[in-house]
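Hello,

I am passing on a structure for you to look over. Please open it first, then read the notes below.

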Amino acid sequence: RVVRLVAGSGDRGGDHPVRRLAGPRPVVLWNPHCTFGRTGWSTFDRYLGPLTGWAAAHPEVVLMVRPHFRLLRDLPLSGESGQMLIDALHRAVASHENIVLDTEPDYLPAFAVADAFISDISSLLTEWVPTRRPVCYLHKLDGPGANEDAQYLFSLDVATSWEGLRGFLDGVLEGRDLGAERREMVLHNHFDHLDGGAGARIAQELLDSLFAEVSDLMAQSQALAPPDVPQQTLTGAG
C-alpha cells in the first residue's frame, strides 16, 4: 500500500480534511507510543507541551497528532497525571486551528497528507521510510531501545531531546532536508524489495513453511508406523 501511495504521491491527500485545512502549509505527523516508564517507548509526556507550544507559535505549519490507539484509552486509566496529559492535548487541539487530532483506524490517509513524520519507536517508522519524506525517530535514552533488526533507525534523523526535535522541525519549516542522503542509504541497505509484493511473498512463505511442516509430520508418522504383518489364515480342526 505504501508503494502504491508513493507512486501516486502527486495528489498528496487533496481530499483529506487536514490537507484542505493546511493548504500549502507543511503537515508534520506525530506518532507517540502508549507505553511509559523505563520499560516503555513513549515520549508523549516529554514532548506534548513543547510540541504543541511550538506549533502554536508557528501557525505556518500544521501539527497532526496521531497517537497509538491505546494511548487515548489507557492514559486516563493511569491516574490524574495521565488524564492531565489527555486534557492538555484536547485543549491544544481546541485552541489552535493548526493542531489536529487524527483517530482514524487506518494510518495511510495520514501518510498521504503528511510532509514529515516524527515518531517514537514504531512499525510505522518502517512504513514511512519508503515515502522518502523527512522523518525523525524520537529515541528515549532511558527506555528499552531498539532491537537488532531496528538498528537502521539510528541512521535516520534522531532526536533524544527537545532541542534536537526542535532543530528537525525548524528544518521542515524552512524546507531543509538534511537527512535525505542518509534515508536513501537506509533504503538501499535495508529495503531491497520495494516492489509492492511484500504481502504476496509473506503469504507464500507461510504456505511453504506449512507444507514443509506437514510433509515432515507425514514422514515421521510413516517412520514410526509398525511394519505390515501378513494376515495368517485360521483353519479349524475337522
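The largest pocket is lined by 20 residues. Nearest its centre lie Glu127, Phe191, His193, Leu194 and Ala198. Keep in mind that this is a predicted model.

The volume of the largest pocket comes to about 590 Å³. Three helices each supply at least two residues of its lining: α1 (2-7), α7 (123-128) and α10 (198-224). By class, that lining has eight nonpolar, six polar and six charged residues.

Now the second largest pocket. Its volume is about 290 Å³. The lining here is made up of 17 residues. Closest to the centre of this pocket are Asn31, Arg66, Pro67, His68 and Phe69. Two elements give two or more residues to the lining of the second largest pocket: α4 (69-74) and α7.

You will find it in helix α3, which covers residues 44-57. Is Ala55 buried or exposed? Ala55 is buried, because its relative accessible area is 0% and the cut-off for buried is under 20%. Leaving aside neighbours within four places in sequence, Ala55 is in contact with Leu63, Asn98 and Ile99. Ala92 is 37 residues away from Ala55 in sequence. In space, the two are 9.5 Å apart, C-alpha to C-alpha.

Best wishes

Terms used:
Residues numbered from 1 in each chain as written. Predicted model: local features only at pLDDT ≥ 70, side-chain atom pairs only at ≥ 80, totals over all residues. Heavy atoms only, no water. Helix = DSSP H or I, 4+ residues; strand = E, 2+ residues; numbered from the N terminus. Buried < 20%, exposed > 50% of the residue type's maximum accessible area, 1.4 Å probe, protein only. Contact = heavy atoms within 4.5 Å. 1 Å grid on protein atoms, 1.4 Å probe; cavity = no way out; pocket = protein on both sides within 12 Å on 5 of 7 lines; lining within 4 Å. Points joined across faces, edges and corners; volume = space filled by probe spheres on them. Nonpolar A, V, L, I, M, F, W, Y, C, P; charged D, E, K, R; others polar.
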